[in-house]
Amino acid sequence: MKIDWLILADAAQVIDNKLQLLGGGWDLLTVNPPFPVVHRAAIAIAVRVPWHESDRKHRMRLQVLHDDGGVLLTLDGEFYVGRPANILPGQEQRMQFAANVDLRLEQPGSYAVSVTLDGEESERSPFRVVLPPNAQPATGS
């Protein structure tokens, strides 16, 4: 299996296997202090499922990681892509997934979204959290 895309967005949903995005494609997030900050975000994923991988369950793990090794979020799940009657033998299919999540950001820095399929990391998308210009890096109480 292969990841077609992994997109960070402000909001996302999949309806009738079509991805709906609002504010998609960012890799830099500017947040106002004080920290910690809870930021609403979305993660959209498309997995290309080959014919021989369809008609069975697969495991997916999505994690948001800080560069210090901390895990902000873990979502575990399973997906199943069948073989509809109108599919051609050998044809790949796309499975899409969107999650709207609250990220608790403890500090500015480097982060990444990691997607693991059936126990193997398939994709990693880095992003940075920064303060606005002239902001003081105050901490919350």
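In which sense do β6 and β9 pair, and over how many bridges? In this predicted model, local features need pLDDT of at least 70 and side-chain atom pairs count only at pLDDT 80 or more, while totals for chains, interfaces and linings use all residues. Residues are numbered from 1 along each chain as its sequence is written, and side-chain values use heavy atoms, with hydrogens and water left out.

β6 and β9 pair in the antiparallel sense over seven bridges, pairing being assigned if DSSP finds at least two bridges between two strands. Strands are DSSP runs of E with at least two residues, numbered from the N terminus. Across this pair, L65 stands opposite A112 in β9. Strand β6 covers residues 57–66, and seven of its 10 residues are buried (under 20% relative accessible area, 1.4 Å probe, protein chains only).

β6 also pairs with strand β7 (residues 71–80), in the antiparallel sense and over nine bridges; V64 faces L73 of β7. The two strands form a hairpin with four residues between them, and G69 in the turn has a positive phi of about 100°.

Strand β9 (residues 109–117) contains T116. β9 is joined to β10 by nine bridges, and these strands run antiparallel. They form a hairpin with two residues between them, where D118 in the turn has a positive phi of about 50°. The bridge partner of T116 in β10 is E121. T116 is buried, at a relative accessible area of 17%, and touches R59, M60, R61, E121 and S122, residues up to four places away in sequence not being counted (contact: heavy atoms within 4.5 Å).

Strand β10 (residues 120–130) runs parallel to strand β4 (residues 28–30), to which three bridges join β10. Here L29 stands opposite V129.

Methods
Buried means under 20% relative accessible area, exposed over 50%, partly exposed in between (1.4 Å probe, protein chains only).
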